[in-house]
Amino acid sequence: MVVILVLLLLNVLHPSYQKPCSTIVVRTTLRCASGQRCDPRQRRDVGGRGGVYEYLGGAPRHRKLYCATKYHLQIHPSGKIDGTLEENNPFSILEITAVDVGVVAIKGLFSGRFLAMNEKGRLYASAAFNSECEFMERIHELGYNTYASRRFWTSPSSPSSPSSTSTGRRRASVERLWYVSINGKGRPKSGQKTRRTEKASLFLPRILGHKDHDLVHLLFNSSLGYRQTAHRLTGSTRQRRHRHTSGALESGSDDEDD
């Protein structure tokens, strides 16, 4: 009887009888260095102003930013920023590169300039990248994106500040970001007068079409520079448009003569 008990005890203590440790699952919640959950999905920023794109590095994205006011954002070689209704304007083809988590730099592919916002909230095209060219990219609830200046914003004024009371303006009670905005006439708005929820501040990143890809291919395979290639392309587009309008006017005059 004792022998049987000893044999049973040896079988229980044998390593082959024990369950492997890999079957034991320990559920842990990893946290990022900043104290936020490491979720590969979209993440909301501290202010709750929408999701954040969780990419950093990698290849730049070639996109066209289509504003809710029906204009494409375009960056000119002269430093001008405005919107265009043309579908295949080379100055509206942009290169969006992540410089930090949720922060991007927007460069005109054919102008070679970066979208920037100065201390007065004015949009301009910078020839070199600097801190004014960094924009916080957020996903809006309606599927659009917003782009706010990382460097400049409106901070809440103190109640004892006499500047706002003397001018009659209402003090800012909360922190307000300065957004990239194109109004209904295709003109950029001052960042100080923008809101996150207005249509002029909402942009839809569009994938390039076939004609846009042809323009990019021509740019990268051309011996000319950014400006020469862009001016040649825009010049040919204007000539085709002029011929089309003149032909339509001539046909209309012929119909009137008949």
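Residues are called buried when their relative accessible area is under 20%, exposed when it is over 50%, and partly exposed in between (1.4 Å probe, protein chains only). By this criterion Phe 203, at 0% relative accessibility, counts as buried, and Tyr 147, at 1%, is likewise buried. The model is predicted, so local features need pLDDT of at least 70 and side-chain atom pairs pLDDT 80 or more, whereas totals for chains, interfaces and linings use all residues. Residues are numbered from 1 along each chain as its sequence is written, and side-chain values use heavy atoms, without hydrogens and water.

Three aromatic pairs were found in the whole structure (ring centres of Phe, Tyr or Trp, the last by its six-membered ring, within 6.5 Å; planes under 30 degrees apart are stacked, over 60 edge-to-face, the rest tilted). One of them joins Tyr 147 and Phe 203, whose ring centres lie 6.3 Å apart with planes at 65°, so this pair is edge-to-face. Tyr 147 belongs to strand β11 (residues 145–154) and Phe 203 to strand β13 (residues 203–207), so the contact ties together parts 56 residues apart in sequence. Strands are DSSP runs of E of at least two residues, numbered from the N terminus. Phe 152 and Trp 178 have ring centres 6.3 Å apart and planes at 25°, so they are stacked; both are buried.

Note on methods:
Helix = DSSP H or I, 4+ residues; strand = E, 2+ residues; numbered from the N terminus.
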